[in-house]
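Okay, thanks everyone for coming.

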Amino acid sequence: MALIVQKFGGTSVGNVERIRNVAKRVARWKALGHDLIVVPSAMSGETNRLIALAKEIHPQPDARELDVIASTGEQVTIGLLAMAIMEQGCKAKSYTGAQVRVLTDSAFTKARIQSIDEQRLRADLAEGYIPVVAGFQGVDMTGNITTLGRGGSDTSAVALAAALKADECQIYTDVDGVYTTDPRIVPEARRLKTITFEEMLEMASLGSKVLQIRSVEFAGKYKVPLRVLSSFEDEGEGTLITYEEDEKMEQAIISGIAFSRDEAKITVTGVPDRPGIAYAILGPIADANVDVDVIIQNASVDGITDFSFTVHRNDFDKAMAIARKVQAHIGARDIVGDSKVCKVSMVGVGMRSHVGIASQMFRTLSEEGINIQMISTSEIKISVVVDEKYMELAVRVLHKAFGLENEPV
Ligand code: ADP
Ligand code: ASP
Ligand code: MG
C-alpha cells in the first residue's frame with residue numbers, strides 16, 4: 001500500500017465523460033489499497049477563457065483580481081471530480097488551495113508555494129477519503145487567492161507529494177510520457193522510459209511544457225518520485241524522472257530537443273567597450289523585473305562593440321523602452337529589436353563526456369540554410385536562437401540527424 005498523488009491535466013478532465021474516466025482510474029487505484037490525493041487542472045481551455053474575460057474588462061488586468069478569476073477553473077473540476085469519484089463508490093472530498101492552506105507568497109499570477117498544511121488531508125486519508133485538491137492555486141499570508149503560473153497544477157501536485165512524503169507523484173496528461181521532443185511537432189519522437197532530473201529541468205526551462213519547471217525544481221529539492229503518464233491509456237509505465245545518472249536506462253548522448261517561441265532579441269549597436277557597460281544595459285532591465293536569457297557581446301573594433309540579449313516575448317516592449325533610455329545615456333549608436341526569434345535546444349547528460357555535439361548541430365542547421373543568431377551552452381545543453389520561421393524545421397532536422405527516433409544501443 002502506497003500514498004500516491006495523481007494529477008490530471010486539462011485535457012484529461014476536459015468534459016464530463018473524461019472526468020468519469022479519471023474517477024474510474026482513481027477508484028481502481030483505491031481498490032488496490034492505495035491512499036490517493038487527486039489534483040485536477042481546470043477543464044482544457046477554461047483558464048484561457050477566464051483570462052480573456054478579464055482582459056475584456058481591462059487589457060492589463062489587476063493581478064490580484066486576475067488570480068481570483070483564473071483560479072475558479074479548478075474549483076469547478078474539484079467538485080465535479082469529487083462527485084464522480086463518489087459515483088464510483090469511494091469517499092471523496094474537494095478542497096480549494098485556500099481550504100487546504102497551500103500557503104504561497106503574494107506574487108499574483110506567479111506565486112511560489114511556501115508551505116502546505118497537511119493535517120486535514122492526513123485526517124481524511126485516515127478515514128478512507130480521497131481528497132481532491134485544486135491545482136494551480138494557493139493563498140497568501142493575508143488570505144488573498146494566488147495562482148502559481150501557467151501549468152502550475154503540476155507544481156501543486158509535486159508540492160503535495162513532497163509535503164505528505166508520498167511514494168509517487170503521477171502526472172497524467174494527453175501524451176503517454178516525456179518524449180525526445182514534442183510529438184506534435186515531430187511524429188517520430190520517441191517516449192523516454194527514464195529521464196534524469198537535470199535533463200528534465202533543462203527541457204522544462206527551455207520550453208517543453210509537459211511539466212511546469214517549478215514542479216521539476218520542487219521534485220528535485222525533495223526527491224519526489226515523479227512519473228508522467230497518459231490519462232487515456234490503461235497500461236504503460238510512462239516516463240520516470242530519476243535522480244542518479246546510473247538509474248537512467250538509456251545511455252543516449254542527447255535525450256531530447258526543446259524549443260520555445262516566446263523569445264525576443266534586442267541588440268544595442270555601437271556600444272563603447274568599457275567596464276560597466278553590460279551592467280549599464282542589463283541593470284535597468286533586471287530592475288524592471290525582466291529576465292534576460294541569452295547574452296552575447298561581440299569582440300570590439302576600435303573600442304566599439306555590439307551587445308545582444310534575449311527576453312521573454314511578453315517583456316519585449318518593456319525591455320525595448322528601457323534599452324532606448326539606456327542608449328542615450330551610454331552613447332550607443334542604435335537599438336534593434338526582433339520579436340520573431342525562437343530558441344531550439346538539445347539536452348543530454350551524455351554531452352558531458354562527448355565532444356563534437358555542437359559542431360554536428362551547427363552543421364545540420366547550416367545544411368538547411370538556417371542562420372544561427374546566438375548560441376548558449378551549459379554542460380548538458382546547447383541552445384541556438386534562430387528566426388522563428390525555421391523553428392519546426394530546425395527541430396525536425398536535428399531530431400533526425402541525431403537519430404533520436406531510434407532506441408539507443
Ligand atoms: P496538461 O494539460 O495535461 O498539463 P500540457 O499541455 O501542459 O498538458 O502538457 C502536455 C503537452 O506537452 C503534450 O500534449 C505535448 O504537446 C507537449 N510537449 C512538449 N514537449 C514535450 C515532450 N518532450 N514530451 C512530451 N510532451 C511534450
Ligand atoms: N489551469 C492552469 C493553466 O491552464 C493550470 C494547469 O493547467 O496546470 O495554466
Ligand atoms: Mg500542463
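So, first thing to keep in mind: this is a predicted model. I'll begin with ligand 2. Look at Gly151, where a backbone N or O atom lies 2.8 Å from an oxygen atom of ligand 2. Ser153 does something along those lines, with a backbone N or O atom 3.0 Å from an oxygen of the ligand. And then there's Arg150, which brings in its side chain: a polar atom there is 2.7 Å from an oxygen atom of ligand 2. How much of ligand 2 does the protein bury? On its own the ligand exposes 260 Å², and 86% of that is buried by the protein.

Who else is around it? Besides Arg150, Gly151 and Ser153, the surroundings of ligand 2 include Gly152, Ser41, Ala42, Thr47, Glu74 and Phe136. If you sort that shell by class, you get two nonpolar, five polar and two charged residues.

Okay, over to ligand 1. There are 17 residues around this one, and the ones that come nearest are Thr173, Asp174, Tyr179, Asp182 and Arg184. Asp174 has a polar side-chain atom 2.8 Å from an oxygen atom of ligand 1. From Gly10 it's the backbone, with a polar atom 3.2 Å from an oxygen atom of ligand 1. As for cover, ligand 1 has 580 Å² of accessible area by itself, and the protein takes care of 90% of it. The shell here splits into six nonpolar, six polar and five charged residues.

Which side chain does Asp176 pair with in a polar contact? That would be Tyr179, side chain to side chain, at 2.5 Å. Asp176 itself sits in the loop between strand S9, 168–173, and strand S10, 194–196. Skipping neighbours within four places in sequence, Asp176 touches Arg191, then Val228, Leu229, Ser230 and Glu233, and also Gly238 and Thr239.

Last stop, a helix pair. H10 is residues 277–287 and H11 is 316–330; their axes come within 9 Å and cross at roughly 145 degrees. The crossing is right-handed. On the H10 side, the contact is made by Ile277, Ala280, Ile281, Pro284 and Ile285, and H11 answers with Ala319, Ile322, Val326 and Ile330. What classes do these residues fall into? Nine nonpolar, no polar and no charged.

That's my tour, so over to you for questions.

How values were computed: Residues numbered from 1 in each chain as written. Chains lettered and ligands numbered in written order. Predicted model: local features only at pLDDT ≥ 70, side-chain atom pairs only at ≥ 80, totals over all residues. Heavy atoms only, no water. Near = heavy atom within 4 Å. Polar contact = N/O pair within 3.5 Å; in protein donor to acceptor, adjacent residues only side chain to side chain. Areas by Shrake-Rupley, 256 points an atom, 1.4 Å probe, with all protein chains shown as cover. Nonpolar A, V, L, I, M, F, W, Y, C, P; charged D, E, K, R; others polar. Axes fitted to C-alpha atoms, helices over the stretch in contact; angles between N-to-C directions. Helix = DSSP H or I, 4+ residues; strand = E, 2+ residues; numbered from the N terminus. Left-handed = near helix turned anticlockwise from the far one by under 90°. Contact = heavy atoms within 4.5 Å.
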